[in-house]
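Here is the note on the model that you asked a colleague to look over. Please read the points with the coordinates open beside them.

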Amino acid sequence: MPTARTGGIATRAVAVLFTVSLAACLVLGFSWWRAAGDPEVAYAAERDRALHDGRAAIISFNTLDHRDVPGGLDRWERDSTGPLREEIKQGRQRYAEQIERAGSTTEAQVVDAGLTQLDARAGKAEMLAVVRVTVTVQGQPPSTKQDRYHAELTREGAVWKLSNLQAVPVG
């Protein structure tokens, strides 16, 4: 049977635990509130968006199926902006003929990528990417090649798109 003394100790222990928990909640809440307005956090989030969108666009530009050339070229246009988009629009027929003639399917995977520059205010970024591309030609076993790219990205609304894509020579 509990005594008055053990009941008092339990009440004090609960009060101490409550006070410590409340203090922890206040400290963590204040830290979260400060971090939400921190420009470094916003910059890091923009960097992550640019890198994510850039990787996706590079995959799009290196993944094509000769059986759906219009769909692939539509993706190229969607994932590009500026001079690169204009180049795709102007050369669309030529690209379609080359892809259909090759009769190949390519599937890309970004092995590694990183931003080399980011100007979030201007909406400009640059990145380097290593891409593994598996090429399948009808009647032949798939082959794999690895390429390196330098990409320029431009933000269009909330999405980062390729404004330039150049292969980087190796060796």
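1. Basis of the values. The model is predicted, so that local features need pLDDT of at least 70 and side-chain atom pairs count only at pLDDT 80 or more, while totals for chains, interfaces and linings use all residues. Residues are numbered from 1 along each chain as its sequence is written, and side-chain values use heavy atoms, with hydrogens and water left out.

2. First aromatic pair. The structure holds two aromatic pairs, where rings of Phe, Tyr and Trp (for Trp the six-membered ring) pair if their centres lie within 6.5 Å, and where planes under 30 degrees apart count as stacked, those over 60 as edge-to-face and the rest as tilted. Phe61 and Trp76 form a stacked pair, at 5.2 Å centre to centre and with 5° between the planes. This pair links distant parts of the chain, given that Phe61 lies in helix H2 (residues 39-62) and Trp76 in helix H3 (residues 69-78), 15 residues apart; helices here are DSSP runs (H or I, at least four residues), numbered from the N terminus.

3. Taking buried as under 20% relative accessible area, exposed as over 50% and partly exposed as in between (1.4 Å probe, protein chains only), Phe61 is buried at 12%, Trp76 is buried at 10%, and Tyr95 is buried at 14%. The charged end of Arg94 sits over the ring of Tyr95, 4.9 Å from its centre, the criterion being NZ of Lys or CZ of Arg within 6 Å of the ring centre and within 35 degrees of the ring normal.

4. Helix H4. How does the span of H4 agree with 1.5 Å a residue? The 21 residues of H4 should span 30 Å, and the end C-alpha atoms are 28 Å apart, which agrees; the expected span is 1.5 Å times one less than the number of residues. Buried residues in H4 include Leu84, Arg85, Ile88, Gly91 and Tyr95, and just after H4, Gly103 takes a positive phi of about 60°.

5. Salt bridges. With a salt bridge defined as a side-chain nitrogen of Lys or Arg within 4 Å of a carboxyl oxygen of Asp or Glu, the count comes to ten. Arg47 forms one with Asp48, the closest N and O atoms being 3.2 Å apart; Arg47 is partly exposed at 36% relative accessibility, and Asp48 is partly exposed at 43%. Arg78 forms another with Asp79, with the closest N and O atoms 3.2 Å apart, and here Arg78 is partly exposed at 48%, whereas Asp79 is buried at 14%.

6. Further salt bridges. The side chains of Asp147 and Lys145 meet in a salt bridge at 3.7 Å, N to O, with Lys145 partly exposed at 43% relative accessibility. Glu46, Arg49 and Arg155 are linked in a network of salt bridges.

Notes: Helix = DSSP H or I, 4+ residues; strand = E, 2+ residues; numbered from the N terminus.
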